Amino acid sequence: MLLKPATDLQNSGGMGDVPVRWSLLIAGLIAELSFLTVRFHGPGLSPDKVWWVQLTAHTHDYLSIVGAFAGAFAVLLAPRLKLTIESASQATASYAWWPWVLLHLGAFAGLYAAAAATFGQGPGAGQIPADGLLACLAAGLATLVFWLLACAPMAWWGALVARERRSLAIAFIAAMAAWLGGQLAEMYWRPLASGTLFLAERLLRLGYADVVSDPAHFNFGTSEFLVNIAPECSGYEGIGLVTVFLALYLWLFRSVIRLPHALLLFPIGIAAVWLANVARIALLVAIGTSYSADLAAGGFHSHAGWLSFVGLALGFIAITHRMQFFSANDRHDPGDEINPIATALLVPFLVLMGSLMITAAFTQGFDRLYPIRIVATVATLLYLRALYAQWDWSWSWDSVAIGAAAFIVWIALARLTPGDDAALPAGLASLGTSEAAVWIGFRVFGSVFIVPLVEEMAFRGYLLRRLAASDFTAPEARRFTWTSFLFSSVAFGLLHGRWLAGTLAGMAYALAVYRRGKLGDAVVAHMITNGLIAVSVLAAGAWSLWS
Amino acid sequence: MAKIISLAVALMSIALTSAAYAVPVAAPEIDATSGLAAMSVLVGVLAWVSERRRAR
């Protein structure tokens, strides 16, 4: 039996309640920022406005830089994250943090009031008063300082800055470089777009005789389907994504990658992703001309870019692991292999996600290719069946109750934002009667049996345990930790359309697996939830739950 | 008091985020329509290939 019972459900001890408190405070700050950015809009750039008004027009840039800085610092801090949280736990053992939360909330209320008075008239509404802007800045600064003090005492922050000054400086440089790169790309996208247009046009001429092109306005296509190459389609978004991915990947996996050889991947990756974008645009016109204009402009246009990026990134991972020129294999014991338990837990999920991305690129509106990904996932499960046969899949009746409770929460939250119950039946009506019956059969089978199994193996079988211990098969990986519980549940929720209901459901399934340490409990709970949703769809006509 | 404040922060986060962005309607399965799906594939593959052990 590979999945052993839980041995310790206690908190890890060293971190105290800091992970929970910090998670809540970070969630609160993100929510506040989201609310402010959606609620209020800057005045927009205009040469007749004074300099401080011009500065407020760049709020989006400031947030981008702060986001990139936080992300880069998190990556650099990752090896010392546990140590950092433990030191915060010690520093806040007898620390009254909640008065700072009250002050933070008060300051945020002040910031909201100041922003409403200053920006409340909507975008482009004349000049902004200097005193209003100063009030916003003061309230914003107070909101941030009180938030920091709610997280930990000032002395702890001082020690953190002193210890991490190098990482902070690198993160700041990386964030500024990312922002400057974006600015340069936006300023100089035209030469890139011209090259993209030139090559895409040549590529399209291989299959079509009636290619039309207007380089001055970046339009090209055929007599039946014409596209305009917008700045974001010129290729720089892909170049930015590949550059960031390679920088992160080479940094995080530097122990198994041969440097400086692997730095060659930067020019290779940039050229490859640009060529992939050229192929995407040519294929977009081909699909629009020969198959469906709606599909080309809808599903394919939005998904093909992500598909090519993921394909290239996976290619880089493969060659840095397999090609001797890029791989530091000699630093590894040749007797090492990928843990087959990780393969069994993760590969079906990766196949499900990969096939989902591919089918999404070739459908528009109604998800008619759903059966394909279920077939691909079932084939993977069957291929790995010998591993699953060794596991303990026992379950308890309590997991049925947990699944039913998750269903009630899901439906309650779904009722707050009712969906379109007519869209999916309209899509089914476009199929023949027997085809529609087959599609519904696959949807029920996939939704109730396959997807819960695959998702639970990935999120509760692997992620929940991997976040609790570096060896996810070790007994200590089965203990309860706030970090693994919250992070795995939020990750599960974010990947579902209904992020809040998804997070709460993820928490319920995690609790199911914590009770006895059996993955089977989480799988059954998830199957019950999805089964009851399927009943709601088919019996009550709540088709939006499946749309 | 600390627990009440924690609860208040949690509820405020949910309320503010819900107010800012309407909760999207989707099926109870993973949504492929965002870059998050692409990132999850990459992170999943990286996690998978990093899980090495002594061959048996």
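Into which domains is chain A divided? Chain A comprises domain 1 (40-183), domain 2 (188-331) and domain 3 (340-545), with bounds taken from an automatic or database domain assignment. This is a predicted model, in which local features need pLDDT of at least 70 and side-chain atom pairs count only at pLDDT 80 or more, while totals for chains, interfaces and linings use all residues. Residues are numbered from 1 along each chain as its sequence is written, and chains are lettered from A and ligands numbered from 1 in the order in which they are written.

**Overall form of the chains**

- The secondary structure of chain A amounts to 21 helices and four strands; helices (H or I, at least four residues) and strands (E, at least two) are DSSP runs, numbered from the N terminus.
- Chain A has a radius of gyration of 26 Å, close to the 24 Å that the globule rule gives for 547 residues, so it is as compact as a globular protein of that length. The radius of gyration is taken over C-alpha atoms, and the globule rule is 2.2 Å times the number of residues to the power 0.38.
- The C-alpha trace of chain A spans about 75 × 70 × 60 Å along its principal axes.
- Buried residues account for 35% of the 547 residues of chain A. A residue is buried if 20 or more other C-beta atoms lie within 10 Å of its own, exposed if 12 or fewer, and partly exposed in between, with C-beta atoms placed from the backbone.
- Among contacts in chain A with a separation of 6 or more, 75% join residues 24 or more positions apart; two residues are in contact if their C-beta atoms, placed from the backbone, lie within 7 Å.
- Chain B has two helices and one strand, arranged along the sequence in the pattern α-α-β. Of its 56 residues, 34% are buried.

**Domain 2 and domain 3 of chain A**

- The C-alpha centres of domain 2 and domain 3 of chain A are 32 Å apart.
- Ten residues of domain 2 of chain A are in contact with seven residues of domain 3 of chain A.
- The side of domain 2 of chain A that touches domain 3 of chain A has six nonpolar, three polar and one charged residues. In this classification Ala, Val, Leu, Ile, Met, Phe, Trp, Tyr, Cys and Pro count as nonpolar, Asp, Glu, Lys and Arg as charged, and the others, Gly among them, as polar.

**The antiparallel sheet of chain A**

- Three strands of chain A form an open sheet in the order 1-2-3, with antiparallel pairing; two strands pair if DSSP finds at least two bridges between them.
- The edge strands are strand 1 and strand 3 (226-228) of chain A, each of which pairs on one side only.
- The twist averages 15° from one strand to the next. Axes are lines fitted to C-alpha atoms, for helices over the stretch in contact, and angles run from 0 to 180 degrees between N-to-C directions.
- Strand 1 (residues 211-214) and strand 2 (residues 219-222) of chain A pair over four bridges, and they form a hairpin with four residues between them. A:Ser213 has A:Phe220 as its bridge partner in strand 2 of chain A.
- Strand 2 and strand 3 of chain A pair over three bridges and form a hairpin with three residues between them. In strand 3 of chain A, A:Val227 is the bridge partner of A:Phe220, and A:Asn228 is that of A:Asn219.
- Helix 9 (residues 189-205) of chain A lies across strand 1 and strand 2 of chain A, running at about 170° to strand 1 of chain A.

**Individual residues in loops of chain A**

- A:Phe218 occupies the loop between strand 1 and strand 2 of chain A. Its phi is positive, at about 55°, although A:Phe218 is not a glycine. A:Phe218 counts as buried because 20 C-beta neighbours lie inside 10 Å.
- A:Pro260 is placed in the loop between helix 10 (236-252) and helix 11 (265-290) of chain A. The peptide bond from A:Leu259 to A:Pro260 is cis, with omega near 10°.
- A:Arg479 lies in the loop between helix 18 (433-468) and helix 19 (482-494) of chain A. A:Arg479 is buried, since 21 other C-beta atoms lie within 10 Å.
- A:Arg479 and A:Leu464 are 15 residues apart in sequence, and their C-alpha atoms are 9.7 Å apart in space.
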